[in-house]
Amino acid sequence: MKDIKPKLIRLFKEGYCTPQISRIAKTIDEPSATIHYNIKKLEEDGAIKTYKAAFDYKKIGEGFCAFVLIALSSTEYSDPERIAGVLAKHKEVESVNIVAGDWELIVKIRTKDQDEYFSFLKSVISREKGIEKSRSIISLKEIKTVFIKT
């Protein structure tokens, strides 16, 4: 059989998953039609944005996780969305949050290992104009992600 796991992982990360209506109906003891109607309503209202798979990141080659705190330069301080948007386009970036306090952004990054992470820091974070300073926080163990206890 042809190995298409990397393609599937990429698609699942982008939201190519669907709810299992019959399984949900059985779990909450409601008719499938009722489940389907309510899911569609949640989607139309924008409450559900996408459906994604929850991964064991070590098993898909993304077991190294770090958070980068970013302080912006005074010229970028008034538009943090610009740099947040630039960073969000990289496949290694899982999330970007604009925050208040001593830092303007928190970026969650996943890579295979610390070497890939270091390469990402050198090629992306350190080269982005408007980033005044950054600080890395390395995750030692993830306890909960995507509402799933690990």
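Which residue in strand 3 is the bridge partner of Asn-97?

A: The bridge partner of Asn-97 in strand 3 is Ile-106. Before going further, please note that this is a predicted model, in which local features need pLDDT of at least 70 and side-chain atom pairs count only at pLDDT 80 or more, while totals for chains, interfaces and linings use all residues. Residues are numbered from 1 along each chain as its sequence is written, and side-chain values use heavy atoms, with hydrogens and water left out.

Let's start with the pairing. Strands here are DSSP runs of E with at least two residues, helices are runs of H or I with at least four, and both are numbered from the N terminus. Two strands pair if DSSP finds at least two bridges between them. Strand 2 and strand 3 (residues 105-111) run antiparallel and are joined by five bridges. Ser-95 also has a bridge partner in strand 3, namely Lys-108. In the hairpin of these two strands there are six residues between the strands, and Gly-101 there takes a positive phi near 125°.

Now turn to the other neighbour. Strand 3 is joined to strand 1 by seven bridges, again antiparallel. Ile-106 turns up here too, as the bridge partner of Leu-69. Ala-66 stands opposite Ile-109 in strand 3, and opposite Ile-138 in strand 4. Strand 1 and strand 4 pair over seven bridges in the antiparallel sense.

Put together, four strands make an open antiparallel sheet in the order 2-3-1-4. Strand 2 (93-98) and strand 4 (131-138) are at the edges with a single partner strand each, so one side of each has no neighbour in the sheet. On average, neighbouring strands are turned by 20° against each other, direction ignored.

Helices join the picture as well. Helix 4 (residues 80-88) packs on the sheet, touching strand 1 (64-72), strand 2, strand 3 and strand 4, and its direction makes about 175° with that of strand 2.

What about cover? Buried means under 20% relative accessible area, exposed over 50%, and partly exposed in between, using a 1.4 Å probe and protein chains only. Six of the seven residues of strand 3 are buried, as are eight of the nine in strand 1. In soluble globular proteins, nonpolar side chains tend to be buried together. The largest nonpolar core has 18 residues, and Ile-70 and Leu-87 have the most contacts inside it. Strand 1, helix 4, strand 3 and helix 5 each supply at least two of its residues. Such a core is a set of buried Ala, Val, Leu, Ile, Met, Phe, Trp, Tyr and Cys residues joined through side-chain atoms within 4.5 Å. Among the residues that Ile-70 touches are Leu-87, Leu-105, Val-107 and Ile-131.

Finally, how far can you trust this? pLDDT is the predictor's confidence in each residue, from 0 to 100. Confidence is highest in strand 3, at a mean of 98, and lowest in strand 6 (residues 148-149), at 56.

Note on methods. Axes are lines fitted to C-alpha atoms, for helices over the stretch in contact, and angles run from 0 to 180 degrees between N-to-C directions. Contact means heavy atoms within 4.5 Å. Lists of a residue's contacts leave out its neighbours within four places in sequence.
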